[in-house]
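The following exercises concern one protein chain. Please examine the sequence and the model before working through the solutions.

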Amino acid sequence: MAGNVQMIIDGKHRRPRAVLLVTALVILVTGCGKKSGLEHAYSYDDRAVRFTAEDGDGRAPGFAAGLAVPKEGDDSPGEGEAALSARAAGVLSLDGGTALYQQALTERMNPASTTKVMTAIVALKYGNLSDLVTVPEEAVITESGSSMAGVVPGDQMSLEDLLYGLMIPSGNDAANAIAVHVGGSIEGFVSMMNQEAARLGATGTHFVNANGLTDPDHYTTAYDLYLMFHEALSYDTFRTIIGTHDHTAVYMGSDGSQKTASWTVGNYYMNGKAETPEGLAVFGGKTGTTKAAGYCLIMGTRTEDGREYASVIMGADSRAHLYEDMTNIISKIDK
């Protein structure tokens, strides 16, 4: 066990020391992320404990200064704030502090394709972008309405292009191809996802697949989604992919022919279908939609002076209301 902790401490220099402390605590309590230990390994109440100003800045001991935390008290919109159609929402700085807006931040929700933020994290952490991936049989998904990148078993595409196919058209086929390549199997990759969630302190989260298709045992919270998005943004490749308006992949088909696939971003702020509030710029994000999850979006917003925020909407009742709700909450950012 000590070796595991040391490996993390000696790993990428990106990790703030306080995150390492949380990491070590989570690993010690969870038994390296086994499902049986994840449920209450490090509860939200534990990490949200407050202490006096002279002791620190209001975070639980060991919680990273670069991570924002929910406001104290009732986890609901404040007096006079407009009601949202969404079941959960939040605006949190990527540099720490307390939430600018929150609603049901720690309630378990179906994440739909926002799951793919974690899929991308695991792929970027453990995979090689230049790898040529042979699309497996597991990429065949027959669920009605499933979003797809368009790859089929036997196609060969780079892991980097598959990540574009994962994030831009939200390809469930790309998610499964990535999972089998990086994790050896869907199950192996999902285990890695859950271990990574535990490492990040996302203890209201449990995954059973890499794409976000509905399952009663597949869930996260708006706050945990913020933690994952914050982590994903530490990878330059992730920032590049989510900031891309469109991407064309050239790859080899299963019959040996050259094929191309072109994908265009679905985020309305990025494709001009929704107006971003003045003084703000959306630099990328991930949508997710299923009947069970409703309409979801996690995204990054930057002010003119360079401050960055993550905003999340989960469970909106329509696409129109998703963007109305998102515009409402990001308008609270001090520009």
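A polar contact is a pair of N or O atoms within 3.5 Å; within protein, one must be able to donate a hydrogen and the other to accept it, and residues adjacent in sequence count only if both atoms are side-chain atoms. The model is predicted: local features need pLDDT of at least 70, side-chain atom pairs count only at pLDDT 80 or more, and totals for chains, interfaces and linings use all residues. Residues are numbered from 1 along each chain as its sequence is written, and side-chain values use heavy atoms, with hydrogens and water left out.

**Exercise 1.** Determine where S146 lies and which residues it contacts.

Step 1. S146 belongs to the loop between β3 (132–134) and β4 (156–158); strands are DSSP runs of E, at least two residues, and helices runs of H or I, at least four, numbered from the N terminus.

Step 2. The relative accessible area of S146 is 17%, so this residue is buried (under 20%; exposed is over 50%, partly exposed in between, with a 1.4 Å probe and protein chains only).

Step 3. Its side chain makes a polar contact with that of N172, at 2.5 Å.

Step 4. Neighbours within four places in sequence aside, S146 is in contact (heavy atoms within 4.5 Å) with I141, N172 and L213.

**Exercise 2.** Identify the residues that join α6 and α7, and classify them.

Step 1. The crossing of α6 and α7 is left-handed (the near helix is turned anticlockwise from the far one by less than a right angle; clockwise is right-handed).

Step 2. L159, L162, L163, G165 and L166 of α6 meet A174, A175, A177 and I178 of α7.

Step 3. These residues comprise 8 nonpolar, 1 polar and no charged (Ala, Val, Leu, Ile, Met, Phe, Trp, Tyr, Cys and Pro count as nonpolar, Asp, Glu, Lys and Arg as charged, and the others, Gly among them, as polar).
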